[in-house]
Every structure is written in C-alpha cells, then in structure tokens.
2 protein chains.
Amino acid sequence: MKPLILVSNDDGIDAKGVHELVRSLQHLGEVVCVCPEQPQSGMSMALTVNDMLRVKRVEDYHGAAMYKVSGTPVDCVKMAVDNLLPRKPDVVVSGINHGSNAAINVVYSGTMGAAFEGSAYGIPSIGFSLTSHSEDADFSPCLPVIDRLVKMVLEKGLPEGVCLNVNMPAQVKEYKGIRVVRGCRGRWDDRYDEYRDPARRPFYWLAGTFINTEPDNQDTDEWCLEHGIVSVVPVKLDPTYEKIDEVKELLGIYG
Amino acid sequence: MKPLILVSNDDGIDAKGVHELVRSLQHLGEVVCVCPEQPQSGMSMALTVNDMLRVKRVEDYHGAAMYKVSGTPVDCVKMAVDNLLPRKPDVVVSGINHGSNAAINVVYSGTMGAAFEGSAYGIPSIGFSLTSHSEDADFSPCLPVIDRLVKMVLEKGLPEGVCLNVNMPAQVKEYKGIRVVRGCRGRWDDRYDEYRDPARRPFYWLAGTFINTEPDNQDTDEWCLEHGIVSVVPVKLDPTYEKIDEVKELLGIYG
C-alpha cells in the first residue's frame, strides 16, 4: 500500500507554498491536502472549541484530494484524521510556509501547530518554511530537501511526541547543506503602532524585529539560515520542564 | 516599590475566574488586568498579526486597572507589556481558568498561552485553572494556593523560559496537598459530530474524551487532580528536543 500523506498549512488553501508541496509529494504516496479556508498565520496550536466548522472539498490538484476547513491548522489535522481520511496517515507534512518559523517563531506558528498536532496523534510530522513572505516566492530549491526528509521520516519515523521544524533560506539557488540544530535563543522586540480610524478612535498593529541573542552560535537555526544552510530543529509537544526537583526546591514544595 | 502584577486570562474580561484572581492578588501588589474582550478558550499561543487590535479601559475592580483587548491572550500580554504598563511587570498571573489545563491541554490552552508569553519576556509567569467549566464555579479553595504560589514566585523567580501550569481540583473543600509533577501522557479521543443547518448543509462540532494512558502514575498532574491534590507542572517555552544527536543519527544528517 502506498503511504498516505496528509498535507496542511497555515497560509490557507490558496497559498502557492502548499500547492508546491502537494505537487512535490505526489510521487511519494497518496496525498490528501486539508487546509484552512482563510490565512491562519500566527495561530499556533489554536483549535476551535466554541464554534462549528465547515468543510468543503475543492478541485483536485495533481492527483491529490483537496479540502478546505473554516478553522485553524490544528482543526484541519483533527478534521482530516478524525473525519476525512480512510486511515491514520503515515506522515503529516505542513507548509511550505511563506516566512520563517525559526527560533521563537516556532511557538506562534500555525504551520508548526499542524505538525505538533500530527505528533499528538503519534504520526511522524514535519513543518517546512521558506524565509520569504513573498506570495510568489521561488520554492524550487526547497523541493529536493522536502523529498529527502519526507522519504527519510516515512522510512525511519521520529521519536514519540517529536516533530521537525525545517526552515529553508530564501534567495539561495543551491543550499550549502542541511543541519540538525536547536532553536536559536532570542526574542521579539515588539511594539504596537498606533493609528486613528476616520472617527478618530485609536487602533493598534503589532510591529517589531527579532533580536538574536546568540548570533555567533553555530548550533542554532538562525545561524544556519544566515549562512545558506537548511535548519532542522526537532521539537517536542510535551512542554514539561525536566528539572522537576529543581523547581520543587525553588518553591519549597516537597509534597 | 510594590510589585507590579499583570493579570490575564482566556475566558475573557467578564469571566468570574479573573475577577476572583484580581481580588485575591490586590494585597500582594499593584494589579493591572488585561483580558480578551471575547472568550478565547483553546487559543494556545495564537497572536494577531494580520489584523488590528482595539484596547479599551473599563471600570476598575478592587483597585485594579482593567483593560479589554480585541484579541487573544498572547495579544493581551504583549499589549500590556509593550503599551499599557509603566514598567515590566514582576509577575504574570493568568486565570483562574474555568476548566482543566492538565496533561496535553496545556498546549491548546489560552490561559497558558498568556503565561508562556510572559516567560517569553523573561517575566516569571503562572497559569491557574480550576477543573470546572461552570460559569459560577466556587473558586474560594483556590485562593490560598494562589496566594502561596504568587508570593513564592515573586520572591524566588523561576528558571529562565519556564512558567508554571497550576491545576486545582473542583468540588474539593480543602485540598489534600500541592505537588510539583509532570504533565500526564494521554491523548484526546476526539470526533466531529455532524449536524445539518436549515438549508441541509452539514457542519461539524468537535467532541471527545481525554484518554489517560498512565492512570496509575502518581507523578502526573491528572493523578493529583483525581486525588484532591493541586498539581504544579513547570513547563518551558522552548520546544527544542534535547537529544539532537539521536535525531541526527536517525535522519542520517551529520552536517
């Protein structure tokens, strides 16, 4: 039986990135694509609990069944696995995101939300992102990387509860390599720009820049991306901090 | 100077849980409360990037300045720290959530989204949840626990990038203790119930039950809650899986 490949994303069913992904995966198995109807950037692992969802099948693309869901990336994966697919998929592939999900962006990313949700079902899952927000970005250098990693994950699986956050530098014709690294430390130095609507009421828009607090550390995804290298960061769903005893001592709670 | 305490939640500015929290914290410092205008359950770390935000100050409550934001819990924390507060708060306290955020729920929780966001700013942060979805739940047994933990965290801080996920059992007059444990393994066995609207078009609603895959393990939050004990799970923002070398070997990537 051919592998069953579930594709999702957070840029929505109309994004170029997910079409490139579907097309590039078709020779690896049966591809079913379930994406948000609307762009869902920054939706993290949000799921719809207090509202209903609509699902609509749209036109097939390169042999893949295509569905749109009126919810988040997590909703799409749940709807696919619980309701649309004939069996549990062999891999969940999310992306290709238009924009970086390196460093702390991983926690806000809807692309990675779909991958984390795949791992919650025990399905090996990968999120792919290109560091360009252009709607018409050139994804062609990404395709050999995707082919290699999806094949490898289909063959070897991933540790339980762990998925991959893969970021690929834009404006690079041929990547200088691919490395397994950790997420870079850093933070968003953000602010809210203030505007006035025609009735003079204020409204706000989030703006800011990422501050890399360890720019010279070669073991991070940001370093790879700045040097034309694809970064693969294994990330896990369970956020429990391992040093439980340290926290017991700190809080003076030994119960 | 009195400690500056930022309060947020995901049930929205009108929820009983956040009012109880604000009232119980007032003797510990200056409290400012910034909450979503609308309920935001299940919003995880979603943040608003493709839309504007509105902010409105509403009536003070027990001496605390109260604001509502037209976004998610993460938006509220960002707006507070970047735009509303006179200085970086000494602690972020989120909740009291109406409903459990134990086990895997931590990753979907908007309450914990606010706490994680606090830790992204380097602020010691705590999310509190009561295992009852009742709008009029009795939060009084929670208050001594909150007092003790917030005081302790104000005094001792928390490890960098680590916040606390505190769950308190409902329908318990007096807790049998408080324990620092890890998040329980398990998964949602979920399904989509199908309905038909008056025009006979289908729509779907997420339903399901949590399956605890280690019910006898006493080191988990679920075990504590089932035994009348408050659970404190330290959780960290950075999801990087520590065993990078294991993944390098698995994928055959040694670059």
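**Close-ups of a two-chain predicted model**

**View 1. Where chain A meets chain B.** Here, 76 residues of chain A are in contact (heavy atoms within 4.5 Å) with 76 residues of chain B. This is a predicted model, where local features need pLDDT of at least 70, side-chain atom pairs count only at pLDDT 80 or more, and totals for chains, interfaces and linings use all residues. Residues are numbered from 1 along each chain as its sequence is written, chains are lettered from A in the order in which they are written, and side-chain values use heavy atoms, with hydrogens and water left out.

**View 2. The area tucked away between the chains.** About 6,500 Å² is buried between chain A and chain B, with carbon and sulfur atoms giving 65% of it; buried area is the accessible area (1.4 Å probe) that two parts lose on being put together, summed over both. On the chain A side, A:Val180, A:Tyr192 and A:Leu251 supply 11% of what that chain buries against chain B, more than any other three residues.

**View 3. A salt bridge across the interface.** B:Asp197 pairs up with A:Arg54 in a salt bridge, their closest N and O atoms 2.9 Å apart. The rule (a side-chain nitrogen of Lys or Arg within 4 Å of a carboxyl oxygen of Asp or Glu) finds six salt bridges between chain A and chain B.

**View 4. An aromatic pair in chain A.** Rings of Phe, Tyr and Trp (its six-membered ring) pair if their centres lie within 6.5 Å, with planes under 30 degrees apart called stacked, over 60 edge-to-face and the rest tilted. That gives four aromatic pairs over all chains. One of them is edge-to-face: A:Trp188 and A:Phe210, 6.2 Å centre to centre with 65° between the planes.
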